[in-house]
Amino acid sequence: MEQAAAKFGAEELKQAEEQFNRPCNFVLSVAKLEQLPLTEMGEVAFAGRSNVGKSSLINALFNQRKLAKTSGTPGRTQQLNYFNLDNRLHLVDLPGYGFAQAPEALVKNWQKLIFTYLQGRVNLKRVFLLIDSRHGIKKVDEETMKLLDKAAVTYQIVLTKIDKISAKQLAGVIAETKEIIKKHGAAYVDVLATSSEKNLGLNELKAEICSLF
Ligand SMILES: Nc1nc2c(ncn2[C@@H]2O[C@H](COP(=O)(O)OP(=O)(O)OP(=O)(O)O)[C@@H](O)[C@H]2O)c(=O)[nH]1
Ligand SMILES: [Mg+2]
């Protein structure tokens with residue numbers, strides 16, 4: 001399918017927005033795979049480099065400021081954080097990858113946790129792979145994409161922080177991103193463009209999530 005042009009109609013976007021106004025709450029932080037919740041409930045996960053805006057996006061989706069902890073310091077989220085939306089689905093905030101300033105052993109530990117989770121979690125319906133719209137897809141992101149292709153986990157690229165770039169730059173990064181996506185078997189063709197700060201593209205993302213459940 002081509003472009004987000006009008007993938008969802010006004011009514012669908014409104015319904016999706018309403019779904020996300022339902023009660024949401026933090027469930028638990030998972031530091032070890034054994035702690036993953038045993039549940040039938042489906043989930044979507046937010047992955048991406050440190051500081052790309054995963055936690056901010058989850059807060060913006062829930063229309064809350066402090067549900068997921070955010071920070072200007074990369075590496076803020078160090079565990080898999082589970083949030084429950086209306087007892088229907090879980091949103092999972094993942095620790096960022098590609099952040100090397102923490103002690104090496106710690107970094108290795110998170111990465112193992114994230115990647116084992118991404119490859120093995122049956123409940124996982126889709127991964128939203130966040131990419132900073134100012135930088136586009138980097139090598140480390142492509143490595144994650146390859147891993148997701150291999151694990152056959154469907155993932156969708158979500159550009160973040162689009163309030164920081166011009167419309168022209170955004171069009172450029174979307175075009176570049178779509179070219180890269182073509183090389184990846186498990187990547188979903190539509191690219192979403194969002195700003196948690198300025199509330200842009202959030203209803204489209206909500207509609208994508210709702211369409212999975
Ligand atoms: N301008 C702008 N800044 C944003 C946006 N989203 C996040 N930020 C900022 O980016 C920084 C990192 O945001 P986080 O949400 O903590 O990033 P994260 O991906 O969860 O980072 P880790 O937990 O370290 O992996 C914070 O300073 C946010 O305020 C956005 O849409 N626009
Ligand atoms: Mg975070």
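Me: Which residues does glycine 201 touch, leaving out those up to four places away in sequence?
Reply: In this predicted model, glycine 201 touches Leu192, Ala193, Thr194 and Ser195, with residues up to four places away in sequence not counted. Glycine 201 itself sits in the loop between β7 (192-193) and α6 (202-211).

Me: Is glycine 201 buried or exposed?
Reply: The idea is to count the C-beta atoms around a residue: with 20 or more others within 10 Å the residue is buried, and with 12 or fewer it is exposed. Glycine 201 has 20 other C-beta atoms within 10 Å, so it is buried.

Me: And proline 74, where is it placed, and how does the count come out?
Reply: Proline 74 belongs to the loop between α2 and β3 (80-85). It has 16 other C-beta atoms within 10 Å, and therefore it is partly exposed.

Me: How do I compare distance along the chain with distance in space?
Reply: Take two pairs, and look at the C-alpha atoms. Glycine 201 and leucine 159 are 42 residues apart in sequence, with 9.6 Å between their C-alpha atoms. Proline 74 and threonine 154 are 80 residues apart along the chain, and 26 Å separates their C-alpha atoms. For the chain as a whole, of the contacts with a separation of 6 or more, 74% are between residues 24 or more positions apart.

Me: How many helices and strands does the protein chain have?
Reply: It has six helices and seven strands. Along the sequence they follow the pattern α-β-β-α-β-β-α-β-α-β-α-β-α. The radius of gyration of the protein chain is 16 Å, close to the 17 Å that the globule rule gives for 213 residues, so the chain is as compact as a globular protein of that length. The C-alpha trace spans about 40 × 35 × 30 Å along its principal axes. Of the 213 residues, 37% count as buried.

Me: In what order do the strands lie in the sheet?
Reply: The order in a sheet has to be read from the pairing of the strands. Here seven strands form an open sheet in the order β1-β3-β4-β2-β5-β6-β7, with mixed pairing. At the edges are β1 (24-30) and β7, each of which pairs on one side only.

Me: What are the partners of β4, and in which sense does each pair run, parallel or antiparallel?
Reply: Strand β2 (residues 42-48) is joined to β4 by five bridges, and the two run parallel. In that pair, phenylalanine 46 is opposite aspartate 93 of β4. β3 and β4 also pair over five bridges, but in the antiparallel sense. There, phenylalanine 83 faces leucine 91 of β4. The hairpin of β3 and β4 has three residues between the strands, and in it aspartate 86 takes a positive phi near 55°. As for burial, four of the five residues of β4 (residues 89-93) are buried.

Me: What about β6, with which strands does it pair?
Reply: β5 and β6 pair in the parallel sense over six bridges, and leucine 129 stands opposite isoleucine 157 in β6. Strand β6 (residues 155-160) also pairs with β7 in the parallel sense, over two bridges. In β7, alanine 193 is the bridge partner of leucine 159.

Me: Why is β6 called largely enclosed?
Reply: In a regular strand the side chains alternate between the two faces of the sheet. For β6, Tyr155, Ile157 and Leu159 on one side and Gln156, Val158 and Thr160 on the other are all buried. Six of the six residues are buried, so β6 is largely enclosed by the rest of the structure.

Me: Which residues of the largest nonpolar core touch the most other members?
Reply: That core has 46 residues, and Phe46, Val127, Leu129, Leu130 and Leu159 touch the most other members. Strand β5 (residues 124-132) supplies the largest share, six residues. Among the contacts of phenylalanine 46 are Leu57, Ile58, Val92, Leu94, Phe128 and Leu130, again without residues up to four places away in sequence.

Definitions and conventions:
Residues are numbered from 1 along each chain as its sequence is written. Chains are lettered from A and ligands numbered from 1 in the order in which they are written. This is a predicted model: local features need pLDDT of at least 70, side-chain atom pairs count only at pLDDT 80 or more; totals for chains, interfaces and linings use all residues. A nonpolar core is a set of buried Ala, Val, Leu, Ile, Met, Phe, Trp, Tyr and Cys residues joined through C-beta atoms within 7 Å. Two residues are in contact if their C-beta atoms, placed from the backbone, lie within 7 Å. The radius of gyration is taken over C-alpha atoms; the globule rule is 2.2 Å times the number of residues to the power 0.38. Two strands pair if DSSP finds at least two bridges between them.
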